[in-house]
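Work through the exercises below with the structure open. Try each task before reading its solution.

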Amino acid sequence: MGQYTSQVEAEIGVNGSRVHKIRNLELLIDLILKEFPKLNFKQFTDFFEEKKANIAAGKERPLRAAVNKRRLLGFLENFPSYDGIDVPKIIAWLGRNKIQHFFLQFSSDVDTKDFKKDEDGNWRVINPRPGSRLTKSDIIVDFICKGKDYPVKGTSTEEFGKLLKLRKPYPWVRVYRKTKSQIEMYGLLRMPPPSIKVTLWDMDLCLLKIHTGGHTREKIQTLSKKVTEAYVYLMDLMIHRGYPVGVVTFSDEMVAQAAQNPFGGEKLVRPLVFHALRRHWMLMDRTMKLEDAIKKAKEFVHEKLYVKAAFPDYRNRFDPEFKEKPMPNSKEWHISQIAVEYKKATGKSLASDEVILFDDGERNISEALKANVVAVQVDDETGFTVKDWEEAMDLAWEKY
């Protein structure tokens, strides 16, 4: 159940009304009952019916987190014993399954042929469009239009078709997805369209949750534990699927040397990514030997990871290379140097509109957007998340 909580609401950007939060729990209960039909949830569902009635009447504040894992598990652990019900098994089942929900808007060409009603009356996605966030693992929950909620479970094909035509204004559609693992959850995320050749991340407060100041004495193996989950999982997928990736950062080896710190610039970035990936691969595959994980991570980091690390202010003052033509106070120079390396590696040019950039710096993002880079500003309080990835995929596929 892990991802079906308020944590996912923050991660993926889910926001719903007070009634939606209650309905989310009802959906989860439906799912549990399908797996464990002997369970009696009347006590629980009666409680939420009363809550809904009180909220509608303005008598009670909305539930803060109706789909809270601890609350539900606590309820199950204290559940009365019934013949044939193995509560620990239910709790284990909840822990294995990753469930999430999100909102999107359908394009005007979406048709009932893209969906199919299953035996439980759920409308499932069977024909996801290229670039769409939808997958064949998804169920359409309801349409939300002009503040009204239109549930779709059990509706006829004709009724569902009418809901698809709620175009003015375009309705939000709530989607429900269940996966069996974290890696499967990430594996269902969209990859960049063919128009994108390289995806780049900033380091501090982006792929890394903290700010190093551009250089550090801290053990990099320890520091690598602060790399965001979303970055590590998506890097794993992109490496496996052959998507070129890189890091562009103001961390600078010259500044680190001046500060008498051992790690800065590429000497910080490459080991940081190395340790994060090596640890991730060993966690994902418990049979992988340490030497194999080290070899795999080292080959990628030193042979395939694009890295450009330079601090404009410092370089413009102390590096003779930039006396005549100063380095812009943005990621413009960094991306141009990645383009040079990309051409050496592939024999092909790299235009700015063929690049995705994730960065927490407002100026870096605004300058990148002026150059037609697909740029997304990351929240410096969270670092890079799935929400940032989905925003970039929306922009990239829309341009494509």
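Predicted model: local features only at pLDDT ≥ 70, side-chain atom pairs only at ≥ 80, totals over all residues.

Residues are numbered from 1 along each chain as its sequence is written, and side-chain values use heavy atoms, with hydrogens and water left out.

**Exercise 1. Describe the protein as a whole.**

Start with secondary structure. The protein has 16 helices and 13 strands. These are DSSP runs, numbered from the N terminus: helices are H or I with at least four residues, strands are E with at least two.

Next, burial. Of the 400 residues, 50% count as buried. Buried means under 20% relative accessible area, exposed means over 50%, and partly exposed lies in between (1.4 Å probe, protein chains only).

Then take the surface. The areas come from the Shrake-Rupley method with a 1.4 Å probe; for residues, only the protein chains shown count as cover.

Last, contacts, meaning heavy atoms within 4.5 Å. Among those between residues at least 6 apart in sequence, 70% join residues at least 24 apart.

**Exercise 2. Work out how helix α15 sits in the fold.**

Find the buried residues first. In α15 (residues 362-370) they are Asn364, Ile365 and Ala368. They lie on the same side of the helix because they cover an arc of only 95° around the axis. That arc is taken over the directions from the helix axis to the C-beta atoms.

Now find their partners. The buried residues pack against β12 (355-359) and β13 (374-377).

Turn to the other side of α15. Glu362 and Lys370 are exposed there. Lys370 has a relative accessible area of 64%.

Asn372 follows α15 and has a positive phi, near 70°.

**Exercise 3. Locate the nonpolar cores.**

A nonpolar core is a set of buried Ala, Val, Leu, Ile, Met, Phe, Trp, Tyr and Cys residues joined through side-chain atoms within 4.5 Å. The largest has 49 residues; Trp201, Tyr231, Phe358 and Trp389 have the most contacts inside it. A second, separate core of 16 residues includes Val110, Ile140, Phe160 and Val173.

Then examine Trp389. Leaving out residues up to four places away in sequence, its contacts include Arg190, Pro192, Trp201 and Phe358.

**Exercise 4. Which residues make the nonpolar surface patch of about 240 Å²?**

Apply the patch rule: residues with over 30% relative accessible area and no salt bridge, with like charges joined within 9 Å and nonpolar side chains (Val, Leu, Ile, Met, Phe, Trp, Tyr) within 5 Å. The members are Ile183, Leu283 and Met284. Leu283 belongs to helix α11 (residues 266-284) and is partly exposed at 44%.

Technical notes:
Salt bridge = Lys/Arg side-chain N within 4 Å of Asp/Glu carboxyl O.
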